Amino acid sequence: AKHISSGALVAIKVMSKSEVIRARQVEHVRAERQILGGVDHPFIVAFLGSSQDAQCVRFVLEYVAGGEFFTHLRRAGRFSDDVARFYAAEIVLALEYLHADGIAYRDLKPENLPLDAEGHVKITDFGFAKRVDGTRTYTLCGTPDYLAPEMIKNEGHGVAVDWWALGVLIFEML
């Protein structure tokens, strides 16, 4: 969409309230709004606002114009060590930022990593993110290929599950 007064392009994530309720995702949407509204990092998509009506909830987000990391990786087949190191470093910085605030992201995968116009990663889709503040949580969520063993075994998990997913992602890049 185009912001009327500034002319800037923005992305609008629209979620049907009935679908959110049917999928039992109300708390996830509330957590996503709360977490995105409270973070500010160059490698995390910027949250610009939200609105809702009787049918939908909308999040207004920074428009990220460089395409999906997933598409770039699939087209390349694999990245050089330097390229993989570059993207991994940006993701590490974003995860460290989130973890310092007690937030586990819990859905790291190529599809959630759009690239900006300069080729930098922007982590998006905070639907499974959760404030854990050093405690363990037991929700099984995320994408199966990236799930840490403690999550699969329902042993309780914290922010360490993000490091496991990053390891899987680095393996895929290389």
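The second largest pocket holds about 200 Å³ of space. A pocket is, on a 1 Å grid over the protein atoms alone, an open set of points where a 1.4 Å probe fits, with protein on both sides within 12 Å along at least five of seven lines; lining residues have an atom within 4 Å of a point. Grid points are joined across faces, edges and corners, and a volume is the space filled by probe spheres set on the points. Of the 14 lining residues of the second largest pocket, Lys13, Gln25, Val29, Glu32 and Gly127 lie closest to its centre.

The model is predicted: local features need pLDDT of at least 70 and side-chain atom pairs pLDDT 80 or more, while totals for chains, interfaces and linings use all residues. Residues are numbered from 1 along each chain as its sequence is written, and side-chain values use heavy atoms, without hydrogens and water.

| Pocket | Volume | Lining by class |
|---|---|---|
| Largest pocket | about 250 Å³ | six nonpolar, three polar, three charged residues |
| Second largest pocket | about 200 Å³ | five nonpolar, four polar, five charged residues |

Helix 2 gives the largest share of the lining of the largest pocket, four residues. Helices (H or I, at least four residues) and strands (E, at least two) are DSSP runs, numbered from the N terminus. Gln52 and Val57, both in that lining, are bridge partners. Strand 2 and strand 3 pair in the antiparallel sense over five bridges, where pairing requires at least two DSSP bridges.

Definitions and conventions. Nonpolar A, V, L, I, M, F, W, Y, C, P; charged D, E, K, R; others polar.
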